[in-house]
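Trainee: Could we go through some side chains in this model together?
Mentor: Gladly, let's have a look.

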Amino acid sequence: MSEYHSSPFISVTSPSEYVLLVELQRLWTEFGQLFDKISGDGAVRAVVLASALPKLFTAGLDLNETTFIRGPPDDPARTALTLREHALAFQASISALERCRVPVIIAVHGLALGLGVDIACACDVRYAASDAVFCIKEIDIALAADIGTLARLPKIASNASLVRELALTARPFDAAEALTLGLVSRVVPGSRAAVVDAALETARAIAQKSPVAAVGTKRFLLHAQDHSVAENLEYTATWNAFALQAADVKDAIAAFQTKKPAKFKNLPKL
């Protein structure tokens, strides 16, 4: 496994073999860089993303740090180009969660305002503590959410009307409603410690599976979001024409027959 250094904004630890725990204290530009690095680390098979803050996941936009909105005076074209590049860079940073080739499990507790929902929507598996409260807050500061929530949540959620209500009103919603909406798959009684433990348990289970199969499963599911069934089936067949030749298939069958855990090789480091 590659060496990861924590910073004042992001803590990275390995609580068990093949698993990383990434804890945010504040989102920073290194977020995307970190997950791009993790994606290329063949010894990592699952990641848990949590907040290091005891009472909240994210507090939303720091209104004192909006200097990027300002551009050259009386020059809307240049201001627009600056704003567009800022938005694209921010989007790319959060999309690193999707780009990451291994599954990312998010463990949300406390308040998750604005960007917290963007981050959650880009993760593969989403758990919430029972004290979690979500809010698509951007409309309250005269913005349409632009970092990923409005692009991803309609594809995740089971209720399109509720997605629109929440995005247009900025009404907070709790973990139980997030479960009903389909934003999260599990509500864990308690707060930060409980939901992080649950997420780590799932990460350990994933880490025991074939990493080739886990990477393929993530890619197929993401591909299916934006393609037809026929296109996805063809994509899957092409991918598995290679993946089925991996030693993992033989090792998994042997483990099943002998009733012993399979030991799979790491993915190549990129």
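Trainee: Which residue lies over the face of Tyr-4?
Mentor: This is a predicted model, where local features need pLDDT of at least 70, side-chain atom pairs count only at pLDDT 80 or more, and totals for chains, interfaces and linings use all residues. Residues are numbered from 1 along each chain as its sequence is written, and side-chain values use heavy atoms, leaving out hydrogens and water. A charge sits over a ring if NZ of Lys or CZ of Arg is within 6 Å of the ring centre and within 35 degrees of the ring normal. At 4.7 Å from the ring centre of Tyr-4, the residue is Lys-37.

Trainee: With which side chain does the side chain of Asp-41 make a polar contact?
Mentor: A polar contact is a pair of N or O atoms within 3.5 Å; within protein, one must be able to donate a hydrogen and the other to accept it, and residues adjacent in sequence count only if both atoms are side-chain atoms. For Asp-41 the distance is 2.8 Å, and the partner is Tyr-4.

Trainee: Over which ring does the charged end of Arg-45 sit?
Mentor: Here the charged end is 3.7 Å from the ring centre. The ring belongs to Tyr-18.

Trainee: How many aromatic pairs does a search of the whole structure find?
Mentor: Rings of Phe, Tyr and Trp (its six-membered ring) pair if their centres lie within 6.5 Å; planes under 30 degrees apart count as stacked, over 60 as edge-to-face and the rest as tilted. Ring pairs also link Phe-220, Tyr-235 and Trp-239 into a cluster. The search finds five.

Trainee: Why is the pair of Phe-31 and Phe-35 tilted?
Mentor: Their ring centres are 5.1 Å apart. The pair is tilted because the planes are at 45°.
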